[in-house]
Amino acid sequence: MGGSMSALGQNVAVGPKAGAPKQGPASAQTGYHETHPLNPCELEIDLFCKGMRIDPSCALEKDARFIARTRAGLGSGLEIVIPGPRYPTRIPPEPAWYTRSTSRGTPMHKVGVLQGTYLGIYISNSCGFWYHSPPLNCKFCATGLNVGVNEVAVKDVDDVIEVARVAKEESGVTFVHFNSGYQTDRDLDVAAPYVKAVKSRVGALVGLQLIPTLDFWKYDRLIDLGADHFSFCYEFHNAEFFAKLLPGKQKLVGQETFFRALEYTSSKLGKGSCSGEIVAGVEPIEDTLKAIDYITGLGAFPTVCIFRPTIGADMEHWPSPRYEDMLIVFRHLYEACRKNNIPMDVTPNIEVSLIVQPGDTRYLAPDNWASQWYETKMSLAKQLARPYFWWKRRPKAIPASEVLADA
Ligand code: SF4
């Protein structure tokens with residue numbers, strides 16, 4: 001923080017990429033960098049690394065979306081939209097339903113929040129790692145400091161259905177994403193009723209980000225109930241950083257469990273369906289590049305979160321990464337996705353504000369034949385996948401046997 005202005009972490013969504021220039025255009029109004037204006041993806045990376053000062057004249061509580069601070073790890077902050085290829089940015093409006101309550105009387109914004117254009121629901125904001133003595137929380141995380149502050153601790157299934165329905169109808173949400181902290185190895189069981197309810201009573205693509213298990217039959221059951229996507233936050237590829245900075249994941253889960261679960265679900269759901277989530281800017285950059293190669297080699301896509309020190313977290317004073325290093329990471333990410341033919345931006349209306357999405361890295365693509373061919377294939381895939389995703393988003397009848405399995 002400095003002077004009379006406030007510094008905030010922010011979540012950034014980059015707009016449509018079609019026809020976007022690789023380097024910033026003359027019309028750019030912000031994000032100049034030494035010799036040329038940054039393009040939207042470069043600006044996104046720069047903002048994640050350096051933050052942004054907000055002038056006190058901005059009334060964020062009136063103009064911006066409610067800032068929820070309880071999504072796990074690095075998942076909170078002010079959302080802004082950088083609509084490529086032009087530069088002026090805008091703050092997405094707060095959805096009208098944020099100020100309404102469910103029929104049970106729960107404020108809707110305490111059940112789920114829009115993160116970019118998808119609905120993010122934290123199933124339970126109590127993470128078991130925080131309740132050990134000494135605590136075993138991930139060192140960059142502040143979730144345990146916010147339990148019950150902004151969100152309802154454990155979500156009621158009917159509340160979730162109501163909010164998912166309204167988010168689909170009023171905000172055009174196509175994807176509902178559940179995540180949760182450590183639930184003492186019951187993580188996948190706890191999620192099952194929510195998956196079934198959203199899939200059968202609302203109809204949406206459903207994703208899960210949970211602590212993994214080696215009981216693979218639980219993934220099979222969740223897929224039967226309607227799960228379309230799994231992501232695995234193993235954060236650090238370097239085993240020493242994993243052990244040191246993620247004591248709970250090291251002691252009670254193990255890095256190998258993350259790898260095996262990602263490999264299993266990825267082979268089960270197919271290319272581009274699952275993701276490995278890592279934090280960039282803490283472990284040596286070579287390890288981050290290895291992680292990207294490993295994840296894309298499995299046919300999964302890398303979700304790379306640029307490290308941001310969060311107030312109150314153990315790593316509050318850890319320095320933010322250098323923009324130049326992050327640029328290397330995201331250029332590598334683009335190339336790894338291209339070489340492995342990982343689908344980019346194929347699913348409808350999913351703009352994720354917490355990270356630099358793989359699709360955003362198109363702005364970093366070298367101007368050559370290989371990039372153009374990849375671009376052509378991705379736009380074809382997007383057209384061809386439309387009916388498939390329409391079908392996937394219809395409410396799905398769950399057969400009786402699966403209901404019994406769930407009960
Ligand atoms: S698993 Fe780690 S990042 Fe997630 S809520 Fe628990 S301590 Fe935070």
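Predicted model: local features only at pLDDT ≥ 70, side-chain atom pairs only at ≥ 80, totals over all residues.

Reply: Residues are numbered from 1 along each chain as its sequence is written.

Me: How do you know that the length of helix H11 agrees with its number of residues?

Reply: A helix is a DSSP run of H or I with at least four residues, and a strand a run of E with at least two, numbered from the N terminus. The expected span is 1.5 Å times one less than the number of residues. For the 24 residues of H11 (369-392) this gives 34 Å, and the end C-alpha atoms are 34 Å apart, so the two agree.

Me: Why is H11 said to lie largely in the open?

Reply: A residue is buried if 20 or more other C-beta atoms, placed from the backbone, lie within 10 Å of its own, exposed if 12 or fewer, and partly exposed in between. Of the 24 residues of H11, two are buried, so the helix lies largely in the open.

Me: What makes E7 and E13 edge strands?

Reply: Two strands pair if DSSP finds at least two bridges between them. The open, mixed sheet runs E7-E8-E9-E10-E11-E12-E13. E7 (113-115) and E13 (301-306) each have a single partner strand, so one side of each lacks a neighbour in the sheet. E7 pairs with E8 (residues 118-122) in the antiparallel sense over three bridges; Leu114 has Leu119 in E8 as its bridge partner.
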